Amino acid sequence: MKVSNALGAISRRDLFKLTGQFGIASTLMAAGTFGAATSISSLAQAAESTYKKRFKNPAKHTLKFGASGFNGRNLLIERAGCLEFARDLEERTEGEIQVEFIGDNQICGQLSCVEKTQLGIVDIYAASTQNSAGGAPYLNVLDYAYMFPGRASQYHFLYSPESQRILRDPLEKRHGLKFLFSHCELRGIQLGLKFEKDPTITKLEQLFGTKNRVTGTQLGRIAMQLLNLNPVPVAWEETLDGLKQGLIDGAETWASAVAYANMSPVVSQSVDLKFFCGTEHTSMSAKVFDSLDGHLQDAVMESSYLAQVHVQAANEAALVKTVGFSDPQLPGTVFVENNVRPAFLAADQIKMAEEMCSPEYNPEPWAAWRERLNGWAGGIDTYTDISKVAREVPADMKPENVEPRRWWRT
């Protein structure tokens, strides 16, 4: 990967020296403010300034943020908003809340962060809702096939007060998690190197029979089975090796995940099937949130709102300018440097996939999980209710044009 970043020109030894002096969180937060490569002296000044600001006042609460595999480098590729949230929350509370950001899978990974939050080992976590669905099965509610027409509909739903009723409240009640904010993409099939010399995928049937990695989402597995995509459960941390060794033909995930996880060298085509959510979300222990004073709870929500607005704009820009998930592709992007071709399927192919696997056209395979999720949500029709909100904006709306709203206010 040749995309420049704030830490790219700094040696590991110098980085360790800075983190030893100012702490990992202060150094990463400082690095996140640089959009291109910087010098050690500039980063040191920024880290010192960040450190002084963070510790100006004694902390009333120190919250551990388990950010799975994220760090200051790859959060400039997939703009999940983690550091922006932590930075703003500390500044907004004038240091009453300090955030101990622990990424690089040091305290939890994609599959384990949710459980470690529920157990009180960490207070806040970032991971995909799909990987987290193993520990918090209600998160499957986002994964009905073709429930969201595009990324704009995903952001619109997360901003909507209806998301409080349909997603956030049931998740908190059942799993003790407060859903704060999320990045939004739609999942496709990321084909390995055995497809490198094949023509770019244009027909859905070209994917039939391939063997593909699936996450912890049960609903995503249903969609893949209906599309003849042979889902194989593979941990996110093992997916790179699976593709490299040819044990799987592809993986269901989204474009920026391929780029941030350094998976691009073993991916040849990124097929934009957009068949269900790719949502790299941040959640907090509801117990910890409830223990905070009222003004600090307000601060958490406002910082979550800021992070959501940031992610909406920044990730849309990064998809084109950093990842290279566009047609035509921009030079110097991760996908161009690694010869990854986006495959954007025509509308008739997406419609064919929708008719094969969505609950609207093929309801029976979804019935058991739909009934289960509806029961957990208090008897509402989760698929119908989310679909209705998702279609309040045009299907072709640009995601960056969705109006932000504070979802917890009616």
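Is Trp-407 buried or exposed, and what is its relative accessible area? Trp-407 is buried, at 1% relative accessible area; buried means under 20%, exposed over 50% and partly exposed in between, with a 1.4 Å probe and protein chains only.

This is a predicted model, in which local features need pLDDT of at least 70, side-chain atom pairs count only at pLDDT 80 or more, and totals for chains, interfaces and linings use all residues. Residues are numbered from 1 along each chain as its sequence is written, and side-chain values use heavy atoms, leaving out hydrogens and water.

**View A. Phe-275 pairs with Phe-276.** Searching the whole structure gives 12 aromatic pairs (Phe, Tyr or Trp rings, the six-membered one for Trp, with centres within 6.5 Å; planes under 30 degrees apart are stacked, over 60 edge-to-face, the rest tilted). Phe-275 is buried at 0% relative accessibility, and Phe-276 is buried at 2%.

**View B. Trp-407 pairs with Trp-408.** This is an edge-to-face pair, 5.0 Å centre to centre with 80 degrees between the planes. Trp-407 is buried, while Trp-408 is partly exposed at 27% relative accessibility.

**View C. Four Phe residues form one aromatic cluster.** Look for Phe-65, Phe-85, Phe-101 and Phe-181.

**View D. Charges sit over the rings of Phe-289 and Tyr-305.** The charged end of Lys-178 is 4.5 Å from the centre of the Phe-289 ring (the criterion: NZ of Lys or CZ of Arg within 6 Å of the ring centre and within 35 degrees of the ring normal). Arg-406 lies over the face of Tyr-305, 4.1 Å from the ring centre.
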